[in-house]
Amino acid sequence: MATFVKRVGEVEYFKIGELRAAGIIPYLISNNEVKLLVNIEMRGNNLSHNIIGGKIDKYDNLISGTMVREFNEETGYLIFDKINMMRDIIMKETILLEKPKYLCSLLKVEGDEWENLPNLYNKMYKNEKNYLDRESHCLKWINLFNFNEE
């Protein structure tokens, strides 16, 4: 269960155990390339490549719940059922980033639904203005080994 940590202005911060945030890094292998799904967001006045994830909120009970909620929020709930069914798999391969207290899940995915997720998301939100806290500009599969060329 999430416990309150602090408030900074209007923002409340919570933790589960010692973790403050979590995310999922979906990856697929296609044509002998490893591709990562990233969220391209506005940070200040610049576009930035980010892991799909975010802060624990007061309603999160498990860190896997934070991962799934953040994934759904940042991908427009487009594969809500599929990611919810993968909760157990999500926790099998994780990376702990100690300083920011962030847990990442490496999630191997496959199939057209996953490969086409960025295209579907980008079509749905192409002409939409950002609303509420939606900072996402687009989703994109990037080549792990040619990241700078993307």
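**Briefing: a predicted fold of helices and strands**

Strand 7 (residues 94-97) and strand 8 run antiparallel and are joined by 4 bridges; strands pair if DSSP finds at least two bridges between them. The model is predicted: local features need pLDDT of at least 70, side-chain atom pairs count only at pLDDT 80 or more, and totals for chains, interfaces and linings use all residues. Residues are numbered from 1 along each chain as its sequence is written, and side-chain values use heavy atoms, with hydrogens and water left out.

**Strand 8 and its partners**

- Strand 8 covers residues 102-108 and is mostly covered, with 5 of its 7 residues buried. Buried means under 20% relative accessible area, exposed means over 50%, and partly exposed lies in between (1.4 Å probe, protein chains only).
- Ile95 has Cys104 of strand 8 as its bridge partner.
- Strands 7 and 8 make a hairpin with 4 residues between them. In the turn, Lys101 has a positive phi of about 55 degrees.
- Strand 3 (residues 21-30) also pairs with strand 8, in the parallel sense, over 7 bridges.
- Tyr27 stands opposite Lys108 of strand 8.
- In a regular strand, side chains alternate between the two faces of the sheet.

**Overall architecture**

- The protein has 5 helices and 9 strands. Helices (H or I, at least four residues) and strands (E, at least two) are DSSP runs, numbered from the N terminus.
- From the N terminus, the order of elements is β-β-β-β-β-β-α-α-α-β-β-α-α-β.
- The radius of gyration is 15 Å, close to the 15 Å that the globule rule gives for 150 residues, so the protein is as compact as a globular protein of that length. The radius is taken over C-alpha atoms, and the rule is 2.2 Å times the number of residues to the power 0.38.
- The C-alpha trace spans about 45 × 35 × 30 Å along its principal axes.
- Among contacts between residues at least 6 apart in sequence, 59% join residues at least 24 apart. A contact means heavy atoms within 4.5 Å.

**Surface and charge**

- Of the 150 residues, 41% count as buried.
- The protein exposes about 9,500 Å², and carbon and sulfur atoms supply 50% of this area. Accessible areas come from the Shrake-Rupley method with a 1.4 Å probe; for residues, only the protein chains shown count as cover.
- The 20 positive and 23 negative charges have mean positions 4 Å apart. Lys and Arg count as positive, Asp and Glu as negative; His and the chain ends are not counted. Each charge is placed at NZ of Lys, CZ of Arg, CG of Asp or CD of Glu.

The contacts below leave out residues up to four places away in sequence.

- Thr75 sits in the loop between helix 1 (63-74) and helix 2 (80-85). Thr75 is buried, with a relative accessible area of 0%. Thr75 touches Ile52, Leu117, Tyr121 and Leu139.
- Glu70 is in helix 1. Glu70 counts as buried at 9% relative accessibility. Its contacts are Ala22, Ile52, Gly53, Gly54 and Lys55.
- Phe14 belongs to strand 2 (residues 11-15). Phe14 is buried at 10% relative accessibility. Phe14 touches several residues, including Ala2, Phe4, Val5, Leu19, Ile56 and Lys58.
- Phe14 and Tyr102 are 88 residues apart in sequence and 12 Å apart in space, C-alpha to C-alpha.
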